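Here is a short report on one protein chain. Look at the structure first, then read on.

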Amino acid sequence: LIRLEHHEEPWDDYATIVLRNNDLAVGNLGGYYVDIGYGAQTASGLDYSSASRLWVTETQAVTAVGELYVIFKLGGKMRILREQRIQLGWSPLEGGNYTATQGQLTGLTIYGILELLIETTLATETGYAFTLDALGSQDDGFINTFVPRPNNKDTEGNLIGFRPKDGDTYATFIQRLMQNTKCKLMAGAGLTFKIVYPQATDAVNERYYS
């Protein structure tokens, strides 16, 4: 391992890994995934937590000063949300039509919509078995109560209520959805997503001392 640069941002996650490959032992790993772990080497062994999963999206071979290197570009679950167009079909208001998938948002809370998008729609479109952790204690009193789309249509048959816009990715749609709550969507380890409700009174999970 020559270099590892890893970014975890609110709506993006990506990394670059550089390996020495003089013996050509490292082949094309496009599509493979990596679970990076961060922590400490302690007297009782490695104590670490896994970061959100990353997939190899690009591979490059580079030669320099008699050495052969392979460079991997990786992207994570948040990057998939940024790049994947949301497939909940809908028609312009003039048509007054909507698909059955679009209608599934009706009557759901914010958390219910997130659960549908991540565990059903996104998982079906990408082939990955994404899951959303149970809300538990991370409820701000609004995310699992407020229903942003109470109806499908008005009395004239036009679509009403909160819904995806033409060209929305999962990220852009979910960002607008989360503006209605104090909670945040985070990418957890493996294929999981989770909801967090940051508060000043939150306890420290773990402390490390030099």
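Glu67 is partly exposed, with a relative accessible area of 24%. Partly exposed falls between buried (under 20% relative accessible area) and exposed (over 50%), using a 1.4 Å probe and protein chains only. Glu67 forms a salt bridge with Arg20, and the closest N and O atoms are 3.3 Å apart. The pair links distant parts of the chain: Glu67 is in strand β7 (residues 67-76), Arg20 in strand β2, 47 residues apart. Arg20 is also partly exposed, at 44%.

A salt bridge here needs a side-chain nitrogen of Lys or Arg within 4 Å of a carboxyl oxygen of Asp or Glu. Side chains of opposite charge can pair when their charged atoms come close.

## How to read the model

This is a predicted model: local features need pLDDT of at least 70, side-chain atom pairs count only at pLDDT 80 or more, and totals for chains, interfaces and linings use all residues. Residues are numbered from 1 along each chain as its sequence is written, and side-chain values use heavy atoms, leaving out hydrogens and water.

## Overall build

The protein has four helices and ten strands. These are DSSP runs numbered from the N terminus: helices are H or I with at least four residues, strands are E with at least two. Of the 210 residues, 36% count as buried.

## Other salt bridges

The count comes to six salt bridges. Arg3 pairs with Glu5, with N and O atoms 2.6 Å apart at the closest. Arg3 is partly exposed at 43%, and Glu5 is partly exposed at 31%.

Asp35 and Arg53 meet in another salt bridge (2.9 Å, N to O). This pair links distant parts of the chain: Asp35 is in the loop between β3 (33-34) and β4 (37-42), Arg53 in the loop between β5 (45-50) and β6 (54-64), 18 residues apart. Asp35 is partly exposed at 34%, whereas Arg53 is buried at 13%.

## The largest pocket

Which residues lie nearest the centre of the largest pocket? They are Glu9, Pro10, Leu185, Met186 and Ala187, among 22 lining residues. A pocket is an open set of points on a 1 Å grid over the protein atoms alone, where a 1.4 Å probe fits, with protein on both sides within 12 Å along at least five of seven lines; lining residues have an atom within 4 Å of a point. Strand β9 gives the largest share of the lining, four residues.
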